[in-house]
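Welcome, and please open your viewer. We will go from stop to stop, selecting a few residues each time and looking at what is there.

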Amino acid sequence: MIIDINAYLGNWPFRRLPATTSDEVVKLLDRAGVDIAVVSSLNSVLYADTNEGNLELIEEVRNYSKRFIPFAVLNPKYPGWAEDLAQCVESGFKGIRLYPQYHNYLLDDEDCLKLVSEASELGLVISIPVRLRDRRGRHWMDSARDIGFHEIEALATKSPHVKIVILESRDVAKSSLVNHENLYFEISRMPSVLQEMPELIRSIGPSRLMFGSGVPLKYVTPAILKVKHLREPEEIKERILWKNASDLLGLGIQENKT
């Protein structure tokens with residue numbers, strides 16, 4: 001069993017993607033052996049009204065209810081986000097993704113703190129990509145910043161009851177982020193199984209690490225290999241591959257189907 005906590009559907013205007021629709025992404029997941037993927041709309045990142053992308057996404061995943069878990073993209077600076085949040089809960093979204101680097105706010109902004117708090121009270125998980133693209137390969141018009149640790153820590157400190165998954169993170173093992181028990185970390189950007197992942201397991205335990213790939217912005221296989229070659233017991237690998245995500249999302253999966 002593999003649950004990918006970091007996947008997307010939709011288009012990215014700055015490059016051609018190998019898959020954009022649910023049918024196409026499912027083929028990539030099948031090829032890599034991924035059973036379930038948490039997805040959000042790439043379209044929503046750059047739409048003026050992020051909820052338009054959420055509505056597209058919920059229709060796109062309708063025929064794959066056992067394969068995709070939808071996360072909504074919301075912008076706390078957009079008027080009417082509270083109504084959009086309520087609509088997303090009614091539509092079956094299980095979490096939200098925030099993009100302060102594209103929507104021009106800080107994570108500890110009062111509007112963001114209010115959105116995060118309300119979403120958490122509604123049972124939603126919060127996820128935040130540190131980045132979407134490596135700045136070395138970005139189009140010149142994609143000038144979004146990478147989110148700094150200080151900004152993440154400010155949010156975690158001011159919202160200690162909120163469960164937050166940090167996507168595309170790296171170099172966190174020696175940072176103060178590990179001290180915040182409401183923070184979870186996705187592995188796709190971590191540089192080597194011989195370095196950060198083992199160190200994180202020693203410092204925070206295996207229960208706050210989660211498998212993610214970034215598909216279709218990135219390939220799935222490198223993330224799988226990081227876990228496969230991790231010099232840890234199989235139980236720890238299973239926690240990373242699916243158990244931690246299942247527990248956080250309340251999926252109730254009891255055992256590895258394989």
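Is Glu 24 buried, exposed or partly exposed? You are looking at a predicted model, in which local features need pLDDT of at least 70, side-chain atom pairs count only at pLDDT 80 or more, and totals for chains, interfaces and linings use all residues. Residues are numbered from 1 along each chain as its sequence is written, and side-chain values use heavy atoms, with hydrogens and water left out.

**Stop 1**

Select Glu 24, which sits in helix α1. Glu 24 is partly exposed, at 35% relative accessibility. Here, buried means under 20% relative accessible area, exposed over 50%, and partly exposed in between (1.4 Å probe, protein chains only). Helices (H or I, at least four residues) and strands (E, at least two) are DSSP runs, numbered from the N terminus.

α3 contributes the most, with three residues.

**Stop 1: the sheet**

Next, show the strands. Eight of them form an open, parallel sheet in the order β1-β2-β3-β4-β5-β6-β7-β8. At its edges are β1 (3–9) and β8 (209–210), each pairing on one side only. Two strands pair if DSSP finds at least two bridges between them.

Zoom in on β6 (residues 164–167) and β7 (residues 183–186), parallel strands joined by three bridges. Pick Val 165, and you will find its bridge partner, Tyr 184, in β7.

**Stop 2: two positive phi angles**

Which residue in the loop between β6 and β7 comes next? Select Glu 168, found in that loop. Glu 168 is not a glycine, yet its phi is positive, about 60°. Glu 168 is buried, with a relative accessible area of 4%.

Then go to Asn 104, in the loop between α5 (100–103) and α6 (110–121). Asn 104 also has a positive phi, near 65°, but Asn 104 is exposed, at 70% relative accessibility.

**Stop 3: a cis peptide bond**

Finally, select Val 215 and Pro 216, joined by a cis peptide bond with omega of about 5°. Pro 216 lies in the loop between β8 and α9 (221–228).
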